[in-house]
Amino acid sequence: MATSRAVAYLESRKNIAGSACGLVGLVLTFTGVAGPYWPAVVVGLYGAGALIAPPERPAPPDFPDPSAQLDELRGDFEKLRGYLTDVELSVTAAARLRELTELLTALLDKGWVAELLAHDPEGVHVLSRIVRRDLPEAVDSFARTRWWTRMSPGTDSPELHLERQLGLLRKDAERLAAGLREVQARRQESHTRYLEDRGGTGGDQRLT
């Protein structure tokens with residue numbers, strides 16, 4: 001441990017800066033400027049260089065970027081779709097689930113939507129939360145509750161709860177899609193303004 005710390009200090013910015021200033025002190029010694037106090041001059045310059053050097057900054061954690069997270073999320077979504085095909089649902093719940101999965105499929109597409117999401121970590125988080133937690137939890141809790149409801153009829157219908165949950169999850173996905181659409185619309189409007197400003201007329205131009 002001590003050896004590794006010593007090696008790390010030898011390679012540090014403080015040691016490099018201090019050594020450079022110490023070399024200046026040696027030059028002053030050889031030229032006779034430092035005089036008999038050259039050891040103090042060399043040590044002092046080394047210390048000054050070490051003090052003014054910027055501190056070492058540990059490297060930040062290498063977390064995957066949104067693009068890599070999307071690739072992993074697509075794989076998890078395929079696993080989820082395989083799980084959903086084995087769950088018996090009511091007609092209404094199945095229709096709502098199909099609408100939700102179609103929207104999620106579009107959002108996870110590798111086309112231009114993925115390019116927008118690559119700059120939207122919060123959007124990737126929303127998708128991850130739906131795919132990895134909210135949707136499987138909704139379906140699994142439905143399957144478990146339905147079994148108990150059959151054992152004890154007369155309680156609230158688990159199908160109705162599932163339908164409501166799927167509707168709420170679809171609204172989350174729709175809000176995400178609307179936000180991405182707004183980003184693209186602003187980009188288009190910005191390009192229009194740029195072309196108008198470049199033309200210097202603020203409107204359409206026609207050749208005469």
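1. A crossing of two helices is called left-handed if the near helix is turned anticlockwise from the far one by less than a right angle, and right-handed if clockwise. By that rule, α5 passes α8 in a left-handed crossing, and α4 passes α5 in a left-handed crossing too.

2. A word on the ground rules: this is a predicted model, where local features need pLDDT of at least 70 and side-chain atom pairs count only at pLDDT 80 or more, while totals for chains, interfaces and linings use all residues. Residues are numbered from 1 along each chain as its sequence is written, and side-chain values use heavy atoms, leaving out hydrogens and water.

3. Let's start with α5 and helix α8 (residues 158–199), whose axes come within 9 Å and cross at roughly 25°. That makes α5 roughly parallel to α8 (angles under 35 degrees count as roughly parallel, over 145 as roughly antiparallel). Axes here are lines fitted to C-alpha atoms, for helices over the stretch in contact, with angles from 0 to 180 degrees between N-to-C directions. Helices are DSSP runs (H or I, at least four residues) numbered from the N terminus.

4. Contact means heavy atoms within 4.5 Å. Between these two helices it involves, among others, Leu 97, Leu 100 and Leu 104 of α5, and Leu 166, Leu 169 and Ala 173 of α8. The residues of this contact of α5 with α8 divide into 13 nonpolar, one polar and six charged (Ala, Val, Leu, Ile, Met, Phe, Trp, Tyr, Cys and Pro count as nonpolar, Asp, Glu, Lys and Arg as charged, the others, Gly among them, as polar).

5. Now for the other neighbour of α5. The axes of helix α4 (residues 66–84) and helix α5 (residues 91–107) come within 12 Å and cross at roughly 165°. That makes α4 roughly antiparallel to α5.

6. Who meets whom there? Phe 77, Arg 81 and Leu 84 in α4 meet Leu 97, Thr 101, Leu 104 and Thr 105 in α5. These divide into four nonpolar, two polar and one charged.

Note on methods. Angles under 35 degrees count as roughly parallel, over 145 as roughly antiparallel, 65 to 115 as roughly perpendicular and the rest as oblique.
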